[in-house]
Each structure stands twice: as C-alpha cells, then as structure tokens.
Amino acid sequence: MLLAIHATAGADKDTAPAEGEPAAEPATPETLCIKSTELEEVALQLADLQYIPPSLELIRKAREAGVDANPVYAKFGVTGEFDSFKTWLENLKETADAPLICGRARTGDRIVLVAAVRAGALQLIGKNRLHAEVIEDFRDPYLIVRDAKGSSRRLAVDGGDSGATISLPVEWARPLFVQLVATGPDGPRPVAERWVGKIPEGAPVHSGSESPEAWLMQLRRASGARTLRSNRILSQEATSYAQTICESGKLGHNLDAAGDPEARLLKRGIEARVVGEAVARAATMRDALHAIEDSPSHRLTVTDARFTDAGYGKAEDERGRTCAVILLASWPRKMP
C-alpha cells in the first residue's frame with residue numbers, strides 16, 4: 001500500500017565517518033505527497049474504468065468522493081514504473097503552489113495514482129454550515145456560493161489562522177456549489193470546492209462557441225451585462241501572458257515579473273478603473289472556456305457589469321494543451 005512517495009537526496013553509497021567524528025544524521029526524505037483516503041476511492045473508480053476521464057468528469061468523481069482540494073490530476077501506469085510515477089509527482093510538486101495529497105489503486109498489473117493540491121479545506125458541518133480554512137502561505141479567503149438557480153454570492157471568511165465557520169441560509173436553493181478562494185504565491189484562485197446537497201446529474205449546459213469573443217458575449221448577455229469592446233492592447237497582453245502560463249507550467253495571475261494584471265497593463269502604459277482576469281489550461285480552447293464558465297468565481301469575474309473592454313489570449317504548451325487568458329478592464333486609457 002502506498003502511503004507516501006519519497007525522493008531522497010544524497011550519495012549513492014554511505015561513507016563511514018572519520019575516526020572520532022560523530023556519525024552523520026541520515027538524510028530526511030522529501031515527501032512528495034500525503035495519503036488521502038478520499039483520493040484512494042477516486043483511484044479505485046478510475047482503476048475500474050481503465051482510463052483517465054476528461055478533466056470535468058475527473059473533478060466530478062473527486063467531488064462525489066468528498067475531495068475538496070483543487071486542482072485534481074490522475075496518471076495510469078503499470079507495476080514496476082515507480083520512477084515514472086515519482087517523476088510525475090515531482091513535476092506536479094514543482095508547479096504546485098501548495099502541498100500535494102494523493103491516493104493509489106491497483107488492478108492486475110495496472111496502477112492509477114490520483115493527486116490534488118491542498119491549499120485549503122471546506123468541511124461540511126451538519127447540513128447548513130461549512131468550516132473554511134487555508135494554509136499559511138494563502139491569505140484573504142472568501143467563499144463564492146452558487147445556488148440551484150444560478151445566482152452567486154460572495155461571503156467573507158473571517159477567522160484568522162483557525163479559519164471560520166459559515167452558516168448557509170436555508171432559503172438558498174439547494175444544491176449549492178461552494179468555492180473557497182484565496183490569494184497564494186501565484187495570485188488568487190479557488191483552493192477548495194464542495195457541493196452542499198445532492199450533486200446534479202448530467203453534464204452542465206455550456207455556451208456553444210469556441211471563439212472567446214462569441215463565448216463571452218453569450219455569457220454576458222445571459223447575465224444581463226453589456227457586450228464588451230475588443231481591445232487590441234489588452235489582447236496583446238493576454239496573448240503574452242498565455243505564453244507565460246504555458247512556458248511556466250503553472251496557472252496563476254502573478255507569474256510575470258511585472259506582477260498582477262493591473263501591474264502588467266501599467267507596464268504597457270494602460271490604466272483602468274477596474275482590471276480583471278480569468279485564466280485556464282485545458283485540452284482545447286472550448287474546454288478552457290467551459291472550465292471558466294463552470295467556476296462561480298471566474299464566471300462572476302467575466303460577467304462583471306463594470307467592465308467595458310476585453311482582450312483574449314491563447315497559447316499552446318509542449319503537451320499540446322491550450323492556455324487561455326481573458327483580460328478585462330473598465331474604461332482603459334493611455335497613461336498621461
């Protein structure tokens with residue numbers, strides 16, 4: 001049974017200490033991931049499937065098993081491929097902004113390993129309360145709660161290091177989809193997600209277009225927000241930042257040396273009343289847009305009525321995945 005996978009640094013052979021010198025302390029192995037019983041359950045399901053499902057289906061299975069950590073990854077292999085799994089976890093850990101949790105399952109000679117990034121937690125207490133907390137490197141947590149009617153609300157999390165317990169009003173139509181959002185080393189992101197009530201059956205309904213401009217227009221019209229002007233400079237910055245995401249292997253808003261989206265626009269000589277950004281990485285542009293659409297916090301950003309202009313960026317990483325950036329601004333103008 002896999003409890004944790006370790007990578008030990010040091011020489012291949014032990015060297016005896018010189019006479020009279022104390023024995024050296026043994027090297028402490030680096031823990032690549034911490035065992036999660038919930039992720040082991042997900043791994044068992046994938047072992048039965050004999051394939052890794054698309055990202056949205058994988059996330060759904062994780063949420064059904066009680067996994068709230070975000071994001072979630074999975075890898076198939078065979079007995080004897082320890083180095084392959086170890087390298088996979090090392091690569092995940094290098095690009096992750098928080099510790100990894102993992103679970104393993106085996107069927108015959110096939111092995112599946114599932115991992116997730118644990119930067120925060122949402123624990124359900126009874127039927128109508130959630131305890132939210134984030135790890136030390138994350139700050140400014142808050143909840144985004146989407147009800148069964150599609151309405152989303154933002155709730156403060158005021159609890160310091162111990163987190164906070166939040167009551168969810170019974171009049172909010174169930175099921176509720178709750179995101180815990182916090183700011184980490186690479187900027188703000190959803191760090192944990194949990195359903196309160198029965199998870200809906202079937203796939204969510206998405207806007208049909210693969211064009212970011214047409215997709216955003218449909219989404220904003222459905223929410224009652226104005227159509228945005230396409231902005232050339234915002235699109236240049238969005239495209240440049242999409243390339244940064246693909247090259248770094250990370251996903252966040254502060255990967256550029258200039259800083260966050262507002263600082264990156266200032267570097268280009270543009271200031272605005274409000275600046276917003278949504279980023280995603282997926283197999284295709286359509287999948288990336290759907291991921292933004294399905295995330296309550298991202299959807300609130302791209303449908304914010306204050307924005308007037310938008311820029312769209314796309315790049316492709318070495319694995320062929322699409323890195324998408326939607327950059328938004330309210331009345332952007334050249335700095336004097």
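Arg268 touches Ile233, Gln236, Glu237, Ser240 and Lys334, leaving out residues up to four places away in sequence. The model is a predicted one. Arg268 sits in the loop between helix H6 (261-267) and strand E15 (270-271). Its relative accessibility is 30%, so Arg268 counts as partly exposed. One of the residues it touches is Lys334. Along the chain, Arg268 and Lys334 are 66 residues apart, while their C-alpha atoms are separated by 8.9 Å.

**Domains**

The chain is divided into three parts: domain 1 (34-117), domain 2 (120-196) and domain 3 (212-334). Taken over C-alpha atoms, the centres of domain 1 and domain 3 are separated by 29 Å.

**The four-stranded sheet**

Which order do the strands of the open sheet follow? The order is E14-E17-E18-E16, and the pairing is mixed. Strand E14 (229-230) and strand E16 (275-282) stand at the edges. Each has a single partner strand, so one side of each is left without a neighbour in the sheet.

E14 pairs with E17 in the parallel sense, over 2 bridges. Here Arg229 has Asp309 in E17 as its bridge partner. Strand E17 (residues 309-316) and E18 run antiparallel, joined by 8 bridges. Two of the residue pairs can be named. Ala315 has Cys323 in E18 as its bridge partner. Glu316 has Thr322 in E18.

E17 and E18 also form a hairpin, with 5 residues between them. Gly320 lies in the turn and has a positive phi of about 85°. How many residues of E17 are buried? The count is 6 of the 8, so E17 is largely enclosed by the rest of the structure.

Val325 gives a view from inside E18, the strand of residues 322-329. Is Val325 buried or exposed? Its relative accessibility is 0%, so Val325 counts as buried. Not counting residues up to four places away in sequence, Val325 touches Ala238, Tyr241, Ala242, Ile245, Glu277, Ala278, Val279, Gly311, Tyr312 and Gly313. Val325 and Pro212 are 113 residues apart along the chain. Their C-alpha atoms are separated by 9.3 Å.

**Strands E4 and E6**

Strand E4 (residues 72-78) is mostly covered, with 5 of its 7 residues buried. E4 runs antiparallel to strand E6 (residues 110-117), and 7 bridges join the two. Within this pairing, Tyr73 stands opposite Ala115 in E6.

**Arg189 and its surroundings**

Arg189 lies in strand E13 (residues 187-196). Its relative accessible area is 13%, and buried means under 20%, so Arg189 is buried. What does the side chain of Arg189 make a polar contact with? The partner is the side chain of Asp97, at 2.8 Å.

**Aromatic rings**

The count of aromatic pairs comes to 1. The rings of Phe177 and Trp195 have centres 4.9 Å apart and planes at 40°, so the pair is tilted. Phe177 lies in strand E12 (residues 176-184) and Trp195 in strand E13, so the pair ties together parts that are 18 residues apart in sequence. Phe177 is buried, with a relative accessible area of 7%. Trp195 is partly exposed, with a relative accessible area of 22%.

| Charged residue | Ring | Distance from the ring centre |
|---|---|---|
| Lys75 | Phe85 | 5.7 Å |
| Arg154 | Tyr142 | 3.6 Å |

Lys75 lies over the face of Phe85. Arg154 lies over the face of Tyr142.

Methods:
Residues are numbered from 1 along each chain as its sequence is written. This is a predicted model: local features need pLDDT of at least 70, side-chain atom pairs count only at pLDDT 80 or more; totals for chains, interfaces and linings use all residues. Side-chain values use heavy atoms; hydrogens and water are left out. Buried means under 20% relative accessible area, exposed over 50%, partly exposed in between (1.4 Å probe, protein chains only). A polar contact is a pair of N or O atoms within 3.5 Å; within protein, one must be able to donate a hydrogen and the other to accept it, and residues adjacent in sequence count only if both atoms are side-chain atoms. Rings of Phe, Tyr and Trp (its six-membered ring) pair if their centres lie within 6.5 Å; planes under 30 degrees apart count as stacked, over 60 as edge-to-face and the rest as tilted. A charge sits over a ring if NZ of Lys or CZ of Arg is within 6 Å of the ring centre and within 35 degrees of the ring normal. Two strands pair if DSSP finds at least two bridges between them. Domain bounds come from an automatic or database domain assignment. Contact means heavy atoms within 4.5 Å.
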